[in-house]
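Hi,

Here is the structure I promised to pass on to you.

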Amino acid sequence: MNATAPRDDQSQAGIRLARPDVGAEELEAVAEVIASGQLTMGPKVAELEAALRTAVGTAHAVAVSSGTAALHLAMLALRVGPGDEVLVPAYTFPATANAVELCGARAVLVDVDPDTFDVDVARVAEAVTPRTRAVLAVHLFGRPVDWEALQTAVPQEVALVEDAAGALGARYRGQPCGALGLLACLSFHPRKIVTTGEGGAVTTDEEELADAVRRLRHHGIAARGDVDIAEPGFNYRLPDLLCAIGIPQVERLEELLAARERVAAWYTERLEHLVLTPAAAEGDRHGWQAYVVQLDRRDEALAGLRAAGIEAQIGTYAVNRLSAYRDRGSFPGADRAFARALALPFAASLSEDDVDRVCSALRRFV
Ligand SMILES: *Cc1c(COP(=O)(O)O)cnc(C)c1O
């Protein structure tokens with residue numbers, strides 16, 4: 001018996017948490033790469049990087065194998081290492097903190113504003129020490145961080161880096177996320193707006209940093225110059241096969257975001273008086289990586305939705321509650337978000353009827 005099959009013939013089909021917006025165009029692009037015989041290190045890498053530069057507006061975009069690889073290489077390009085501290089939000093996907101610790105540096109957790117899910121900028125200012133090298137600011141679920149407030153919260157020598165894993169297409173006061181920090185990290189995991197299955201990119205205006213990321217993704221070998229390796233690197237490359245899947249999606253990014261905005265508006269219309277609904281700050285554009293509400297009876301709601309065949313999920317992790325990051329202080333904002341956040345099914349392909357079904361099921365728990 002198939003464990004995912006409906007329990008009886010009468011039950012409606014389930015609603016999935018996420019569904020990537022890929023189809024015929026991506027299939028054709030992959031077929032072309034297979035026919036070309038060049039599956040990696042070919043022209044599709046440059047093509048995806050050019051499309052990303054246009055979308056984000058930075059001078060450089062370097063494709064890598066995941067959002068996590070992007071975070072790791074961004075830290076290494078800045079020469080973050082032992083003795084350094086990097087400020088990261090306590091409520092985020094743990095890769096944000098892991099990337100810092102795996103460079104030998106310390107991820108200093110900073111509490112978040114539980115209403116917006118983004119880092120509490122006043123807490124950032126308090127957490128700065130002489131060892132602080134960078135802030136890894138997360139536009140969580142696609143909601144732009146208040147960037148100007150963040151800039152004034154830290155001394156100038158502290159590098160501001162974006163974890164924009166879920167924020168491709170989002171804008172802070174008209175400026176694209178991915179172009180705000182000294183470096184920014186994108187993810188192309190299937191739950192993000194643009195997906196390559198697995199994948200990511202680092203964007204920056206700084207040529208030296210971009211070159212460092214390019215070397216580190218390719219064993220430490222420089223693109224130009226001799227065959228020497230000055231510093232060891234990784235294989236964090238994104239193959240042409242996967243770049244080809246991403247290119248058509250980046251080219252229709254505006255369309256993808258508009259479709260997600262439409263679904264988000266359907267949810268907000270039905271839920272804004274019942275639960276805390278997500279929104280960008282006035283003048284910003286949300287990237288809608290996920291649609292995450294907050295309510296007191298979250299656990300009951302999660303179980304209830306799942307029993308109704310609706311694939312909901314918790315928001316993300318309170319890093320301070322993970323064994324690897326325990327005893328790093330008190331984070332009431334992150335704890336509150338962790339206990340109350342509920343990610344609803346969210347995809348461009350969701351119909352208004354699907355949204356109605358999710359909202360009726362959720363209403364029983366508010
Ligand atoms: C998805 C995500 C990551 C990790 O990206 P991968 O491509 O899965 O490695 C990191 N940070 C945030 C905020 C994310 O949403």
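A definition to begin with: the radius of gyration here is taken over C-alpha atoms, and the globule rule is 2.2 Å times the number of residues to the power 0.38. With 366 residues, that rule puts a compact globule near 21 Å, and the protein has 21 Å, so the two agree. Please keep in mind that this is a predicted model, in which local features need pLDDT of at least 70 and side-chain atom pairs count only at pLDDT 80 or more, while totals for chains, interfaces and linings use all residues. Residues are numbered from 1 along each chain as its sequence is written, and side-chain values use heavy atoms, with hydrogens and water left out.

**Overall fold**

The C-alpha atoms fill a box of roughly 65 × 55 × 40 Å along the principal axes. The secondary structure comes to 12 helices and 14 strands (DSSP runs numbered from the N terminus: H or I of at least four residues for helices, E of at least two for strands). Of the 366 residues, 55% count as buried (under 20% relative accessible area, with exposed over 50% and partly exposed in between; 1.4 Å probe, protein chains only). Among contacts (heavy atoms within 4.5 Å) between residues at least 6 apart in sequence, 70% join residues at least 24 apart.

**Cores**

A nonpolar core is a set of buried Ala, Val, Leu, Ile, Met, Phe, Trp, Tyr and Cys residues joined through side-chain atoms within 4.5 Å. The largest has 68 residues, and Tyr-267, Leu-342 and Leu-344 touch the most other members. Helix α9 (residues 253-271) gives the largest share of this core, 8 residues. A second, separate core has 52 residues, among them Ala-90, Ala-212, Tyr-236 and Ala-337. Leaving out residues up to four places away in sequence, Leu-344 touches partners including Leu-17, Tyr-267, Tyr-291 and Leu-362.

**Pocket and cavities**

These come from a 1 Å grid over the protein atoms alone: a cavity is a set of points where a 1.4 Å probe fits but cannot get out, a pocket is an open set with protein on both sides within 12 Å along at least five of seven lines, and lining residues have an atom within 4 Å of a point.

The largest pocket has a volume of about 580 Å³. Of its 30 lining residues, Phe-93, His-189, Lys-192, Gln-289 and Thr-316 are the closest to its centre. Helix α3 gives the largest share of that lining, 3 residues. By class, the lining has 11 nonpolar, 15 polar and 4 charged residues.

How many cavities of 30 Å³ or more does a search of the whole structure find? There are 2. The largest has a volume of about 70 Å³, and Arg-19, Asp-21, Lys-192 and Arg-260 are among the residues that line it.

**One residue to look at**

Is His-72 buried or exposed? It counts as buried, because its relative accessibility is 11%. His-72 sits in helix α3 (residues 67-77) and touches Ala-99, Leu-102, Cys-103, Phe-234 and Tyr-236, not counting residues up to four places away in sequence. His-72 and Ala-95 are 23 residues apart in sequence and 9.0 Å apart in space, C-alpha to C-alpha.

Best wishes

Notes:
Grid points are joined across faces, edges and corners, and a volume is the space filled by probe spheres set on the points. Ala, Val, Leu, Ile, Met, Phe, Trp, Tyr, Cys and Pro count as nonpolar, Asp, Glu, Lys and Arg as charged, and the others, Gly among them, as polar.
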